[in-house]
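Please walk through this structure slowly, from the whole chain down to single residues, and keep the three-dimensional view open while reading.

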Amino acid sequence: MDKKRETNGESGQNLPEKFPVVGIGASAGGLDALKKMFSNLPSVTGMAFVLVQHLDPTHESVLVDLMGKYAQIKVVQVEDEMILKPDQLYIIPPNKDMGIINGKLQLMDPVGVHGLRLPINYFFKNLAEDQAENSICIILSGFGTDGTLGLKAIKAEGGMVIAQDPHTAYSEGMPQSAIKTGVVDFVLPPEEIPAKLIDYVNSSKITLKKIVTPEEENINAMNKIFMLIRNRKGHDFSLYKESTVNRRLARRINIHQMEKLSEYLLYLRENPHEIDILFQELLINVTNFFRDKNAFDSLKIALKKLVKEKSDYDNIRVWVPGCSTGEEVYSIAIIIHELMEELGKVLEVQIFGTDIEPDAIKIARSGTYQNHISADITPERLKKYFIQKDNLHVIKNEIREMVVFAPHDVLKDPPFTKIDLLSCRNLLIYLKSEAQQKVLSNFNYSLNNDGILFLGPSENVGEFIDAFAVVDKKWKIFLCVKSTNFVRKYVAEHPMPNRLPVSYDIDFKFEEDNVLAVSNISRLAENELLKTYAPPSAIINDLGEILYIHGRLGNYLEPSPGRAKLNILDMAREGLEFDLNSTIQSAVSMKEKAVVEGVRVKNNGGFKLINLTVKPIMGPESAEKLLIVSFEDLELDNSEKNDKLKLDSISNGDKNIKKLENELKLTKERLDITIEEMKTSNEELKSANEELQSMNEESQSTNEELETSKEELQSINEELTTVNTELQMKIDDLSTINDDMENLFNSTEIATIFLDKDLNIRRFTPESSKIVKMIDSDIGRPLSDIVSNLKYDQMVADIKEVITRVVFKEKEVQTVNGNWYFMRIMPYKTSQDFIDGAVLTFIDITYRKKIQENLQEALIYAESIINTVSEPLLVLDDEMRVISANKSFYKTFKLAPGEAEGKELFKLGKGEWEIPKLREILEKILPEKEELSDFEIEIPQIHPNKLILNARQVYRGEKGEKMILMAMNYIE
């Protein structure tokens, strides 16, 4: 479902439209999987990715730097209130829990014990609630089961789930746990996940649009799909909301990469196993213990009153339809057990958990759950009500014995009766309106007067507002009100024709707007009763409430003591109640007349025989749930023989009953004796076992502490494994960088010296030893202690000035043997932007100096010299046209000889030389006598390497014509 987007208060702009958000859970070994996955992910996907990994809270993560090398999308570390954008990877910071609301990531300080937190579950649950069907989750390598509960929540909202193939995982714990849930859509190696993601997202909206298009072909195909499911699984999904069914159908069709509903229908017919998968998809078997903790706290308050009003050894009956794998059933059982202990009550508790899915019922009956339930249950309840076995929690017998699980369909099977609490959460929201009304009507029938109805937070009683009183509006807790108001209102809206004379009406006392209802019921009664011979009869609704009486019913019904009631079962005379109740139930469930002959009813100290008939009123919709109950006295034959036989039969029946009662009494006495003997034996066994239990308590307590310590150590080990992997990858990167630097230093012809802030030698290139007489053992010594060949007394002072003022200096210096160098002194900056020394570079310019000294002579032979130089050279005029170029220039830039002469430099080729900064400097050389020195450019279109340009003003021969000589070099 779409959720309303809020406005960003800082920018004043609306938040972006919904787009898929991919939550990624990873732990030990997850970095390798992440590397493979994001190396294969393109830069544009239309999805946002959020990575939640188990991190050491005390260690600063370098995940952002590491993932930035493999991901083509932008990688950032999450900051609080950060708005999600597509094509970005968001990484959780250390020691934080993370949620999401309205597309904004929320960071919180963790409240759980270090080593026991489940941050992946926490984020996935938030993601499901916030993004619904736009949510996708991926479970990668890791220990434990973190993420399993969260992926169920995402699946319940119509999202998609992917797990890493355990065979490719460093640690298969998390992927295996995810796969065991049975709700994972794809199991893939990491490198194949991106392609599947993109295919799924690109086709999902198109698929859904095709399904919801109201074409006759699609409607027919949908009906046939419903029929196939009903034939195989016995459940009709045509009463489910179309939006829910369409989304889940679209997911299955999209997973199989189909385009039409008719194709999927054919696939279902050819592959019955897919019907089972679709059935599971539509069921949404997702639950957990104490789901919505505040809701269960409110329920406990309501139940406390109910338990308090019960007498000792009375019973409490609870029904949980749609119980899935039983977590909610056991949650209610635990609450009732706590209340009985708190109030000192001894009650018989019967809890019925029902569901249409046999596999879910099987899990519920086992009462066995994975360790991740500890996220939903307090440690005190876990210790008290569960037994831990390996990595499982098993419900204790004292709770398990309260519960009965059975298959049941609330849409077609008869409801349970005499229920004190009915909990049906998050089932009605998936049903159409008419199905909701049917289910709520059955719930009202099932519940005792003042029984509790517990619904999901998004559900309500709808039109049945008169049948339920609100207890907690927020958490949807109601009390059942056994009144006829709703029935009267319903009948009043569907009046019956042909008013006939009234035999007898009950004087209902209700408001003026209900008068029409009585009139309509009277008409209905008269029509039905006059169709046949009409003995004393009553019209009742399916709740047993009397709406109309015909004839005298005093021989069969009498008012019950206490508050006046008009329920036919409460008013039935002795001997009639059992047969009356069963006959009404039979008529309601079978929707046909039910008859019981020879019912013995106590009357004025004796018994009389009657025939009992209950008949549903067949007719318009207004009468569908009304019944006629008729009482017909059974007259004996006039002949004396027959009278005697019948009376003997009655007398013999009384004797047989008396005999059976005596036998039953004797059996009960024997049973009591046997029970007492068993209790005595049991007490002896208990006494003998108490010492063992006492000894075992300490061992169990110690074992639990060890288990907790083991879990903490395991989680900490995962975090350390992650940190170690990060550091190892960082070391590998640094080693590679160091190798690159070493090779650069050894291959470059530029002399470079690195100094620390005390002017001690850090590193130098081999070329530097020609200028300053250094050897490898001089590293760490002050530069001033080393003999220099430079005629440069101010070098140390200039270096100190550069470090102090954070500037750079450039200077031409000469060695004692006459060579010239262009020297640059620059500050040495660390990655944290601190000045920690200086860098000296020396570029040999001896050749350039000699050219300057002999310029006039050199110009005469310029052409021949230029053509012999191995570096590319150009001579330009004042309009930047090429006067001449050497062979190296043509060869380096793959031009034909002579092709450049006469053309403007910036128009050579396809204009690749048109670089604004280069033009600006060259145009200043002649008028302002400036020089171009070591100017670096990159023109990948014509040369793969970085080019270094040097240019200055020269003169041609005797004419003194000004020209520009430009030399080029490149760094490989």
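A residue is called buried when its relative accessible area is under 20%, exposed when it is over 50%, and partly exposed in between, with a 1.4 Å probe and protein chains only. What is shown is a predicted model, in which local features need pLDDT of at least 70 and side-chain atom pairs count only at pLDDT 80 or more, while totals for chains, interfaces and linings use all residues. Residues are numbered from 1 along each chain as its sequence is written, and side-chain values use heavy atoms, with hydrogens and water left out.

Of the 972 residues of the chain, 45% count as buried. The chain has 27 helices and 35 strands, where helices (H or I, at least four residues) and strands (E, at least two) are DSSP runs numbered from the N terminus.

Ser135 is found in strand E8, which covers residues 135-139, and this serine counts as buried because its relative accessibility is 0%. Leaving aside neighbours within four places in sequence, Ser135 is in contact (heavy atoms within 4.5 Å) with Val21, Leu127, Ala128, Ile154, Gly159 and Met160. A polar atom of the Ser135 side chain also lies 2.5 Å from the backbone oxygen of Ala132.

Ile737 counts as partly exposed because its relative accessibility is 47%.

Conventions: A polar contact is a pair of N or O atoms within 3.5 Å; within protein, one must be able to donate a hydrogen and the other to accept it, and residues adjacent in sequence count only if both atoms are side-chain atoms.
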